[in-house]
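Hi everyone, thanks for making time for this. Could you bring the sequence and the structure up on your screens before I start?

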Amino acid sequence: MSMVDEPLYPIAVLIDELKNDDIQLRLNSIRRLSTIARALGEERTRKELIPFLSENNDDDDEVLLAMAEELGVFIPYVGGVEHGHVLLPPLETLCTVEETCVRDKAVESLCRIGSQMRESDLVDWFIPLVKRLSAGEWFTARVSACGLFHIAYPSASDMLKTELRSIYTQLCQDDMPMVRRSAASNLGKFAATVEPAHLKTDIMSIFEDLTQDDQDSVRLLAVEGCAALGKLLEPQDCVAHILPVIVNFSQDKSWRVRYMVANQLYELCEAVGPEPTRTDLVPAYVRLLRDNEAEVRIAAAGKVTKFCRILNPELSIQHILPCVKELSSDSSQHVRSALASVIMGMAPVLGKDATIEQLLPIFLSLLKDEFPDVRLNIISKLDQVNQVIGIDLLSQSLLPAIVELAEDRHWRVRLAIIEYIPLLASQLGVGFFDDKLGGLCMQWLQDKVYSIRDAAANNLKRLAEEFGPEWAMQHIIPQVLEMINNPHYLYRMTILRAVSLLAPVMGPEITCSKLLPVVVNVSKDRVPNIKFNVAKVLQSLIPIVDQPVVEKTIRPCLVELSEDPDVDVRFFASQAIQSIDNLSCPHLAQPKFRAPFFSLILCWQ
């Protein structure tokens, strides 16, 4: 190809691949747009590439989505912000396609480009685009237009601003529910750019129309607007305009609207102030906590701690706590689970006395719930209660239930207890831990489920780190080493795993005197899985112990294992010997060889 033709090559490749029957080739071509633009240069990108993309937008949604995404970051390739307007035509077309995700990405890219454009260019190019989309014959254009007003409005003249507010009002009254939904969901962003004087008149008028829409899908999006508008208005205006709407919404005939209110209500409390919250919003929230629909109760229960933080403790105890007691025995397990995930956070809010008298019985009932997720959610947040009532009371009231859960028939519950043990141990202290929980930690090493045994081994390491090597030498090491003679080989493997984890914590002296002799002795086990795990453990001990110990004890054991009849035992033993050689003579290190297939699929299990 001649030098004259070379600059044409990238665009030729693009055209070729964009018309290819293979969607992957077309997709790859679109994702290389920036590379092609750099090859073409800024001027040719503006004059050839962008028009080409504008004309070739009848493609699979996946390709169009990639195009919309690429164009959003294309300003540097067309010559900077002064030429940003050339990117608007292809994105305008993408705003009208049927696929929602393509339209959303096109709107997002237009917003990104519009936020960088100069004010004069916004007036000349961006605002006319918004007006064209708003007047689009097909509803998809009008849906997309709603997401662009907050970019166009600040740069408009007073006359244009009046026109844009009028157009938005028309979109909020559109015949198509999809357009009204888009207008409702974008109202908060648009309202944030409107002047305060027009906010109280035009925007509040639009908002009131949306709150009375006959489609519940529009009304529930208006609920989101309540929170956004509440932050923009003065408290007195919020009480006058937003509060009555939200109270009515809390009794809406559609459970979806009530669900949205339950999610958003606590945000409005700060906007309206303490007195309206006490008189109007607390009764509304109580209604939602006792709603007929489980989904609404789930949403309300999940916000109970956030809501209580806004109120004073007396109001929470008087109005919210009775509902919490009811929800703790709710017929829906998902309601109880949502409550359990947040109820522990109420302890710091209510204080010590109310927690002991009111919350502890609820905690206990949830700890004994038949649904595992409920129990898990309580277990994972116990530290929040400990900070309020102290470890003595916590241990007397909740620890028996925790010990009972340690033997729960659902292994995930047992796993959650194990993961919480180090934190609990640090809070309880050494003495209490030894009396109440020490035996459980050893018991888990012989659990029937591998995940429990592995977590138990990791748990011992974390406990040794928490209480120190001396404590571990007295309370963990003897009991662990006793279990190495268990008749079941899977349990012996778990002990080997525990030894490999404990050795770095215990240090070289204890490792050499207590752990290493046991590992060497187990190398004579009759089960190949045990023997190659011994080789792996010995390899992990090499950096911990001194070099003479490696040569005198570890290497002879590994040499013996390297002559084992089992191919996997030989492999792991040879690998460990190689590690010793690399450590003593790094310049003699040999390249690693491939493991036998069986070795690759075997693990601690």
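Okay, start with helix α3 (residues 33–40) and helix α4 (residues 42–55): their axes come within 9 Å and cross at roughly 145°. Axes here are lines fitted to C-alpha atoms, for helices over the stretch in contact, and angles run from 0 to 180 degrees between N-to-C directions. When I say helix, I mean a DSSP run of H or I with at least four residues, numbered from the N terminus.

Quick housekeeping: this is a predicted model, so local features need pLDDT of at least 70 and side-chain atom pairs count only at pLDDT 80 or more, while totals for chains, interfaces and linings use all residues. Residues are numbered from 1 along each chain as its sequence is written, and side-chain values use heavy atoms, with hydrogens and water left out.

Back to our two helices. Which residues of α3 and α4 meet? From α3 we have Leu33, Ala37 and Leu40, and from α4 they meet Arg44, Thr45, Leu49 and Leu53; contact means heavy atoms within 4.5 Å. That set divides into five nonpolar, one polar and one charged.

Now for the charges. Side chains of opposite charge can pair when their charged atoms come close. We call it a salt bridge if a side-chain nitrogen of Lys or Arg is within 4 Å of a carboxyl oxygen of Asp or Glu. How many salt bridges does the structure hold? There are 25.

Take Arg180 and Asp213, whose side chains form one of these at 2.6 Å, N to O. Arg180 sits in helix α12 (residues 177–191) and Asp213 in the loop between α13 (196–211) and α14 (216–232), so this pair ties together parts 33 residues apart in sequence. Are they buried or exposed? Arg180 is buried, at 9% relative accessibility, and Asp213 is buried at 9% as well. Buried means under 20% relative accessible area, exposed is over 50%, and partly exposed is in between (1.4 Å probe, protein chains only).

Next up, Arg297 and Asp330 meet in a salt bridge at 2.8 Å, N to O. Here Arg297 is in helix α18 (residues 294–302) and Asp330 in the loop between α20 (313–327) and α21 (333–342), so the pair ties together parts 33 residues apart in sequence. Arg297 is buried, with a relative accessible area of 10%, and Asp330 is buried with 10% too.

Then there's Arg336 with Asp369, a salt bridge at 2.5 Å, N to O. Arg336 is in helix α21 and Asp369 in the loop between α23 (352–367) and α24 (372–379), which puts them 33 residues apart. Both Arg336 and Asp369 are buried.

Last stop: Arg165, in helix α11 (residues 158–172). Arg165 is buried, at 6% relative accessibility. Not counting residues up to four places away in sequence, Arg165 touches Tyr153, Phe190, Val194, Glu195, His198, Asp202 and Ile206.

Definitions and conventions
Nonpolar A, V, L, I, M, F, W, Y, C, P; charged D, E, K, R; others polar.
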